[in-house]
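Me: I am new to this structure and would like to go through it in questions and answers. Please show it here.

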Amino acid sequence: MNILILGSGGREHTFAWKIAQSTKCNQLFVAPGNSGTAQVATNVNIGVNDFKAIKELVVDKSIDMVVVGPEDPLVNGIHDYFLNDAAIKHVAVIGPQKVAAELEGSKEFAKEFLYRHNIPTAAYESFTKETVEKGYAFLETLKAPYVLKADGLAAGKGVVILNDLEEAKAELKSMLVDAKFGQASTKVVIEEFLDGIELSCFVLTDGEHYKILPTAKDYKRIGEGDTGLNTGGMGAISPVPFATDEFLNKIEERIVKPTINGFKKDNLPYVGFVFIGLIKVGDDPKVIEYNVRMGDPETEVVLPRLKNDFVEILQAMAHGHLDKINIEIDERAATTIMLVSGGYPEAYEKGKEITGVHAIKDSIPFHAGAQLINNKIVTSGGRVMAITSYGKTYQEAIKKSYQNIEKLHFDKMNYRKDIGFDL
């Protein structure tokens, strides 16, 4: 098969690394890709939302399958674009259709879905510019901390948690009236705060059947001890030590099954990855959010633990026989530590040369915001590289990642030194 991956981050490098190992993959392309995908595939300089150019590439290179990495093209309807074009409708697209992608595209849509199918989640209400006063009144009925979420896509930065009521009201005004997150915050969801520890559950579905991948836990905040601003993720571990068999069973029965059944009941055409952001409150799992793709950096610890031929799984998803696949998982733990540009998640500089990548041993460097320019690997984004390692325990794996990070260098390189600290 000829396969195209859309995206340019660490998740897409991990996809490419795993797909390139399959005997079923003939030619592998990544659009636009990065310096890591260039090592295992052919990068093509096309944006993930340039559907016309993607179609031309698919036709030109006789591509049989498109694996969609990020959420944007899914929310913008790339799967539907393929289905509605006679020249490419035979091509398998891994990722839900537009109506189902709203589960990530709109926080309100996701909350309504959760309530409709009795899936445990936080109480909430949504507000617009016109109902901002009602929003203030709703905040007054809640106990601190206050959780405000921009309804639309805000690149992982649209969630604000505040302890002070007046600050929360000011933030609500900033989001709705002053359009702090642009289009994404024309509507804001206010939720009750759930106190617990977070983890992620990853589900594969062909629309009818499902398979659950290993759990993972990521670390969102920039600072040690989970302090400072939210980021796209500073590191991850898999499996999650506190996710016992009993707890995993609760996730499957109370959350995964009703989610997949909900897709069918609501006619949400879904072939792809379901990322369920969870929180463990006491001994019970509740849903924080849905994402309609794999997480990043969680993919960098989940896929390395998958022993199966990944292309075989993707084919089973595309053709509706996922029930025939037996998922095999590596018993070892996997961890990843994200190296980021100085200043991230706020302003940062690009174009810094990265050295030491070839000195890494016993870890896998998954490139994210990095590009190959004049035979040099240079930084091109906020999150630059994820260093993944295996170990008998997550502590052993983390130690390996940190030892290899010492061999790497770029100007103002930053990373968290406490991944796994809370376990």
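Me: How many salt bridges does the structure hold?
Reply: This is a predicted model, in which local features need pLDDT of at least 70, side-chain atom pairs count only at pLDDT 80 or more, and totals for chains, interfaces and linings use all residues. Residues are numbered from 1 along each chain as its sequence is written, and side-chain values use heavy atoms, with hydrogens and water left out. A salt bridge is a side-chain nitrogen of Lys or Arg within 4 Å of a carboxyl oxygen of Asp or Glu. By that rule the salt bridges in the structure number 29.

Me: Which residue forms a salt bridge with Arg-293?
Reply: Side chains of opposite charge can pair when their charged atoms come close. For Arg-293, the closest N and O atoms of the pair are 3.3 Å apart, and the partner is Glu-71.

Me: How many residues apart are Arg-293 and Glu-71?
Reply: Helices (H or I, at least four residues) and strands (E, at least two) are DSSP runs, numbered from the N terminus. Arg-293 is in the loop between strand S17 (284-291) and helix H10 (299-302). Glu-71 is in the loop between strand S4 (65-68) and helix H3 (72-75). The pair thus links distant parts of the chain, with a separation of 222 residues.

Me: Is Arg-293 buried or exposed?
Reply: Buried means under 20% relative accessible area, exposed over 50%, and partly exposed in between (1.4 Å probe, protein chains only). Glu-71 falls in the buried class, and Arg-293 too is buried.

Me: Which helix holds Lys-169, the partner of Glu-140?
Reply: Glu-140 and Lys-169 form a salt bridge whose closest N and O atoms are 2.5 Å apart. Because Glu-140 lies in helix H7 (residues 132-141), the pair ties together parts that are 29 residues apart in sequence. Lys-169 counts as buried because its relative accessibility is 15%. The helix that holds Lys-169 is H8 (residues 165-176).

Me: In which strand is Arg-383, which forms a salt bridge with Asp-296?
Reply: The closest N and O atoms of Asp-296 and Arg-383 are 4.0 Å apart. Asp-296 is buried because its relative accessible area is 11%, and Arg-383 counts as buried at 17%. Asp-296 sits in the loop between S17 and H10, 87 residues from Arg-383, which is in strand S22 (residues 383-391).

Me: At what angle do helices H1 and H11 pack?
Reply: Axes are lines fitted to C-alpha atoms, for helices over the stretch in contact, and angles run from 0 to 180 degrees between N-to-C directions. Angles under 35 degrees count as roughly parallel, over 145 as roughly antiparallel, 65 to 115 as roughly perpendicular and the rest as oblique. The axes of H1 (residues 10-19) and H11 (residues 310-319) are 8 Å apart, and the angle is about 105°. H1 is therefore roughly perpendicular to H11, given an angle of about 105°.

Me: Which residues of H11 make the contact with H1?
Reply: Contact means heavy atoms within 4.5 Å. H1 brings Phe-15, Lys-18 and Ile-19 to the contact, and H11 brings Phe-310, Val-311 and Leu-314.

Me: Where does Val-271 lie?
Reply: Val-271 counts as buried because its relative accessibility is 18%. Leaving aside neighbours within four places in sequence, Val-271 is in contact with residues including Val-93, Pro-96 and Met-317. Its place is the loop between H9 and strand S16 (272-281).

Me: Which residues does Gly-207 touch, not counting those up to four places away in sequence?
Reply: Gly-207 is in the loop between strand S10 (197-205) and strand S11 (210-212). Gly-207 counts as partly exposed because its relative accessibility is 22%. The residues that Gly-207 touches are Lys-264 and Tyr-270.
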